[in-house]
Amino acid sequence: MKFETLAIRTQTQRGKQREHSTPIFATSSYVFDDADEMRQIFSDEIPGNVYSRYTNPSVKEFETKVALLEGAEAARATTTGMAAIFTTFACLLAQGDHVLMSQAVFGSTIKVMENYFQKWGITFTLVNSQDPAEWEKAILPNTKIAYFETPSNPGLQIFDLDAYGKMFAKNGIISIVDNCFATPYLQQPLKFGIDIVIHSATKYMDGQGRVMGGVIVGKNNHIALIEQFMRNAGPSLSPFNAWVLSKSLETLAVRMDRHCENALQLAQWLSQHQKIKSVSYPFLEIHPAYEIAKKQMKAGGGIVTFEVDGDLEKGKKVLNNIKMMSMSANLGDTRSIITHPASTTHSKLSPDQRSLAGITNSMIRVSTGLEHIDDIIADLNKALSTI
Ligand SMILES: Cc1ncc(COP(=O)(O)O)c(C=O)c1O
């Protein structure tokens, strides 16, 4: 079946009520017919639910769906995107291991390495390049994992998935991609030989700014390790959030089509505006990795970044004169959201780290929503006319 059909028709088995839409399995535990069955399910001799920290039908539906959409063998869902990232590192890394991490990743991902894994004897190198040869040079004998985002948040840097997949496989390194900005609808990194994909489901998967969630997809052997950690450590997604997320995936394809259409029009309009110094969008020909983006993505995504011609004060003035768009930290919502990454999402990074990640003080990020494009442009146009 095609992507859109899988997103709609992957559903928990219909129950005795003959419900059309899946109910929420709001239960923390499950019952057994007799002591023998209970023993067998507890010891994994026969399949079955024991406790919702381990498995839950609503969560399973979401996980099965994401695995199918990403073309993966298996998936496990977590409370948040950060929990998915922490869980993956905790499962795969041991004392003495080394991690290669892109400089251009979400601020908290770097902080998790700096504040926790480092003190547990794991070292890491932040790589400031999209050139696979530079990454290959940074590999150490104890490098276990390589981690990057494409497109990156918020710099929209693009990594050549085919080249990276091949290079890391050749070097026996587990490659992990945060696919949050693209979603599986626009890009499926596993098809290029990437080992593990992570999502903040809080973003486009929910798509309406309601619930938090994360998901890790990959091969059975990696997901089995993650499953064990989840059972022991417990960052499991709640049934309610899983139900919301699984329902939202039914409309992911149509939502992403419109997000991308609106974002491309916004980026084109900004690139012609006299008060704009620079615009970044993967499907604008002026993007330095336009050809790679075209090769591996179905469309350019919903995020556009730009810099106004002038100092930080001018950037602030634009933000303060926005009337319709929301000033908020999230992204991937139906509502357009405007942010200033340097003072919000990436404020915990040092100025050097920010500049290496391509985040300037005057950069403004727009998560283009699903409102009519004319209204989005009119809002920004009015705000720009004040500087
Ligand atoms: C690219 C990316 N990865 C991970 C995260 C973390 O996800 P969450 O907020 O669901 O923990 C975010 C959040 O903004 C993000 O943008």
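Trainee: In this predicted model, which residues point one way from β5 and which the other way, and are they buried or exposed?
Mentor: Since the model is predicted, the description rests on computed positions. Strand β5 covers residues 174–178, and five of its five residues are buried, so the strand is largely enclosed by the rest of the structure. Ser175 and Val177 point to one side and Ile174, Ile176 and Asp178 to the other, and all are buried.

Trainee: Which residue is the bridge partner of Ile145 in β5?
Mentor: Strand β4, residues 143–149, pairs with β5 in the parallel sense, and five bridges hold the pairing. Within β5, the bridge partner of Ile145 is Ile174.

Trainee: Is Leu156 buried or exposed?
Mentor: Leu156 lies in the loop between β4 and α7, and its phi is near 60°, a positive value in a residue other than glycine. Because 26 other C-beta atoms lie within 10 Å, and 20 or more are required, Leu156 counts as buried.

Trainee: Is Asp44 buried or exposed?
Mentor: Asp44 lies in the loop between α2 (35–42) and α3 (57–70), and it has a positive phi of about 65° although it is not a glycine. Since it has 9 C-beta neighbours inside 10 Å, and 12 or fewer is the limit, Asp44 counts as exposed.

Trainee: How many residues of the shell around the ligand are nonpolar, polar and charged?
Mentor: The residues surrounding the ligand include Asn153, Asp178 and Glu149. Of these, Asp178 is one of the buried residues of β5. The shell divides into two charged, six polar and four nonpolar residues.

Trainee: How many residues does each domain give to the contact between domain 1 and domain 2?
Mentor: The domain assignment gives domain 1 as 3–249 and domain 2 as 252–384, and their C-alpha centres lie 26 Å apart. The contact takes 33 residues from domain 1 and 35 residues from domain 2.

Trainee: Which strands stand at the edges of the sheet of five strands?
Mentor: The sheet is open and of mixed pairing, with the order β8-β9-β12-β11-β10. Inside that order, β9 and β12 run antiparallel and are joined by five bridges, with Thr305 opposite Arg365 in β12. Each edge strand has a single partner, so one side of each is left without a neighbour in the sheet, and these strands are β8 (276–280) and β10 (326–327).

Trainee: Which helix lies across β8, β9 and β12, and at what angle to β9 does it run?
Mentor: The helix comprises residues 252–271 and lies across these three strands. It is α11, running at about 15° to β9.

Trainee: What separation do the C-alpha atoms of Met324 and Asp379 have?
Mentor: Met324 is placed in the loop between α13 (312–320) and β10, and it is partly exposed, with 16 other C-beta atoms within 10 Å. Not counting residues up to four places away in sequence, it touches Asp375 and Asp379. Although Met324 and Asp379 are 55 residues apart along the chain, their C-alpha atoms are separated by 6.2 Å.

Key
Residues are numbered from 1 along each chain as its sequence is written. This is a predicted model: local features need pLDDT of at least 70, side-chain atom pairs count only at pLDDT 80 or more; totals for chains, interfaces and linings use all residues. Domain bounds come from an automatic or database domain assignment. Two residues are in contact if their C-beta atoms, placed from the backbone, lie within 7 Å. A residue is near a molecule or strand if its C-beta atom, placed from the backbone, lies within 6 Å of it. Ala, Val, Leu, Ile, Met, Phe, Trp, Tyr, Cys and Pro count as nonpolar, Asp, Glu, Lys and Arg as charged, and the others, Gly among them, as polar. Two strands pair if DSSP finds at least two bridges between them. Helices (H or I, at least four residues) and strands (E, at least two) are DSSP runs, numbered from the N terminus. Axes are lines fitted to C-alpha atoms, for helices over the stretch in contact, and angles run from 0 to 180 degrees between N-to-C directions.
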